Amino acid sequence: MPTTAAADQLNSECFCISLNQQALQQALESEISQHELSALIQQRCPHLFAEHPVFISHRQAQRMRDTIDAIEAVVALPAYRNFVLATAPDIARHTPPGQRGVFFGYDFHVNEQHSGLIEVNTNAGGAMLNAILARAQRACCAEIEMYVPSRSSVDAFETRIIDMFQQEWALCHRQRPLASVAIIDENPEQQYLYPEFLLFQQLFERHGIHAVIAGPAAFRLENGQLWYGETPIDLVYNRLTDFYLEQPEHQVLRDAYLCDAMALTPHPQTHALYADKRNLILWTDRQQLSAWGVAPAIQDILCDNIPRTELVTTGQSERLWKARRGLFFKPAAGFGSRAAYRGDKITQRVWQEILAGQYIAQALVKPGERMIAGTDAAQALKFDLRDYVYEGQVLWTAARLYQGQTTNFRTPGGGFAPVYVLPPDAGTLDLRSMDACCHP
């Protein structure tokens with residue numbers, strides 16, 4: 001049996017609970033050295049961590065990596081960069097000295113028949129939460145034990161995170177070590193993933209890097225240096241969703257970025273080149289790709305693994321409305337699934353809003369499904385996959401389980417889930433021989 005079928009079988013029939021709640025609590029408390037973090041997560045985001053892992057085949061994982069490599073090959077082309085930046089906001093044409101941008105998130109839907117890149121994010125959240133989740137995994141039967149991440153692999157992931165930020169600093173041609181980091185978001189303490197900010201802060205501090213968490217208004221630009229109180233800030237870890245720093249309250253950060261007063265990562269140019277959803281149109285347009293000199297083999301990878309995407313225009317409204325059941329509609333400048341709609345769910349009122357806004361239409365690729373053990377009976381949850389990427393290299397892969405149109409972290413039994421990749425030679429599985437925990 002192909003490994004894809006084996007992964008589907010495990011997602012449908014294996015009910016192993018891999019999350020050790022006691023280990024999760026211990027990991028949270030040891031990382032933060034505070035007992036309040038576990039309680040904060042329970043209070044604010046109780047459906048942040050799923051109990052069940054998601055299985056994918058080696059082939060599916062490879063197709064995801066191939067897609068990332070193909071996009072990197074296109075983005076590296078001067079013709080592509082010039083084309084995209086010509087119509088981007090002015091700030092995107094400012095090229096900072098070297099930074100690549102941390103924590104790209106490539107989000108995929110995979111199922112037994114297809115895999116599709118849904119979008120790219122340049123400030124993807126959840127990496128540190130997944131590191132904690134990996135520390136709390138257990139093997140409840142011998143067949144699963146080989147997939148559970150080791151402590152050393154999680155340690156290596158966290159080391160790669162620190163190395164990534166230090167590399168961003170080094171790319172700015174700074175000669176001294178990275179000394180201070182500011183984790184910036186709008187009203188950070190009110191953000192849903194605020195617990196992750198605390199995890200990042202502690203990670204930086206453990207490696208001798210002073211870290212603060214603050215909103216944009218807490219900073220000032222003075223003598224070509226960004227300051228937080230009396231602390232000069234070397235690097236800003238940017239979690240804002242104002243990707244081009246256009247809001248008046250972000251003027252200090254904008255000015256500091258334009259005069260290279262600090263390293264800002266990710267920064268506006270990376271968003272324009274990777275995360276603007278209109279880029280999905282370009283990556284699936286063979287005529288345009290050919291004009292840029294993209295090799296046919298790379299075109300094949302892109303068009304096979306990115307659902308065909310087009311801009312929604314009034315001139316195409318009748319055709320798109322008729323075809324809506326096979327489409328997913330997203331605002332070109334949107335984020336976090338806001339104002340995104342599956343075509344079979346939209347009303348005429350919503351359709352008029354879509355036509356009036358800057359939207360893309362993407363061919364629908366259904367997400368995978370993971371059966372989980374409910375209180376009364378098994379239930380099916382959808383899942384998507386996120387590759388955390390830096391400089392084109394996959395650092396970690398995570399899944400998100402949910403119900404509804406889009407990922408929401410509001411689904412009982414859902415949340416971040418570990419991803420176990422089956423080896424290339426995985427064949428037919430006999431779940432009857434596995435421990436009783438594999439069954440509902």
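Guide: Helices (H or I, at least four residues) and strands (E, at least two) are DSSP runs, numbered from the N terminus; on that basis the protein chain has 16 helices and 18 strands. This is a predicted model, in which local features need pLDDT of at least 70 and side-chain atom pairs count only at pLDDT 80 or more, whereas totals for chains, interfaces and linings use all residues. Residues are numbered from 1 along each chain as its sequence is written, and side-chain values use heavy atoms, with hydrogens and water left out.

The sheet to look at is an open one of four strands, in the order β11-β14-β12-β13, with antiparallel pairing; two strands are said to pair if DSSP finds at least two bridges between them. Its edge strands are β11 (309–311) and β13 (341–342), each of which pairs on one side only. Strand β11 is joined by three bridges to β14 (residues 359–363), and these two run antiparallel. Within this part, glutamate 310 stands opposite alanine 361 in β14. Strands of a sheet pair through backbone hydrogen bonds, either parallel or antiparallel.

As for the setting, the C-alpha trace of the protein chain spans about 70 × 60 × 45 Å along its principal axes. Of the 440 residues, 55% count as buried, that is, under 20% relative accessible area with a 1.4 Å probe and protein chains only. Taking contact to mean heavy atoms within 4.5 Å, residues 24 or more positions apart account for 74% of the contacts in the protein chain with a separation of 6 or more.

Definitions and conventions:
Buried means under 20% relative accessible area, exposed over 50%, partly exposed in between (1.4 Å probe, protein chains only).
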